Amino acid sequence: MTVGFATAAANTHLDNQGTTYPWIKLHVGDPGAAGTANPAVETTRKQATWSAASGAAKTTTAALEWTNVAGTEDYTHYSQWTASTGGTFGGSGTVTANAVTTADTFTIPAGDLDLSLPVAS
């Protein structure tokens with residue numbers, strides 16, 4: 001038997017997560033337990049909009065776009081926050097490593113940032 005959430009409970013948790021922590025910050029390595037490690041030079045947080053969770057998963061419904069990024073680096077992780085600045089850390093994840101150069105535009109297309117939870121079976 002696989003351990004995890006009941007599907008309905010996972011959907012509820014994911015919908016709350018997306019609503020409570022909609023602000024996405026970029027990182028160049030694992031953000032760590034507090035969400036503050038390895039921050040990208042690009043400090044602007046973007047507000048994600050999410051689909052309703054289904055099957056213990058959800059995805060973004062609009063692209064997240066950072067224009068004229070502040071530095072040359074490789075984005076590998078993201079963190080979720082309650083506010084565009086400051087706020088409370090709510091979780092983190094990985095993105096496909098993306099090298100950017102100062103003044104580039106970096107985009108995570110709609111449907112390419114996902115949240116999911118394991119489901120008991």
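1. Basis. The model is predicted; local features need pLDDT of at least 70, side-chain atom pairs count only at pLDDT 80 or more, and totals for chains, interfaces and linings use all residues. Residues are numbered from 1 along each chain as its sequence is written, and side-chain values use heavy atoms, with hydrogens and water left out.

2. Sheet. Four strands make up an open sheet, ordered β2-β1-β5-β6, with antiparallel pairing. The edges are β2 (46–47) and β6, each of which pairs on one side only. Strands here are DSSP runs of E of at least two residues, numbered from the N terminus, and two of them pair if DSSP finds at least two bridges between them.

3. Neighbours of β5. Strand β1 (residues 23–27) runs antiparallel to β5 and is joined to it by five bridges; Ile24 has Gln80 of β5 as its bridge partner. With strand β6 (residues 89–100), β5 forms eight bridges, again in the antiparallel sense.

4. Burial of β5. Eight of the nine residues in β5 (residues 73–81) are buried, so the strand is mostly covered, where buried means under 20% relative accessible area, exposed over 50%, and partly exposed in between (1.4 Å probe, protein chains only). In a regular strand the side chains alternate between the two faces of the sheet.

5. Aromatic pairs. The whole structure contains three aromatic pairs. Rings of Phe, Tyr and Trp (its six-membered ring) pair if their centres lie within 6.5 Å; planes under 30 degrees apart count as stacked, over 60 as edge-to-face and the rest as tilted. Tyr75 and Phe106 are edge-to-face because their planes stand at 65 degrees, with the ring centres 4.8 Å apart. This pair links distant parts of the chain, since Tyr75 belongs to β5 and Phe106 to strand β7 (residues 106–108), 31 residues apart. Both Tyr75 and Phe106 are buried.

6. Trp81 and Phe89. The ring centres of Trp81 and Phe89 are 5.5 Å apart and the planes are at 55 degrees, so this pair is tilted. Trp81 is buried, at 7% relative accessible area, whereas Phe89 has 21% relative accessibility and therefore counts as partly exposed.

7. Cluster. Which residues do ring pairs link into a cluster? They are Trp66, Tyr75 and Phe106.
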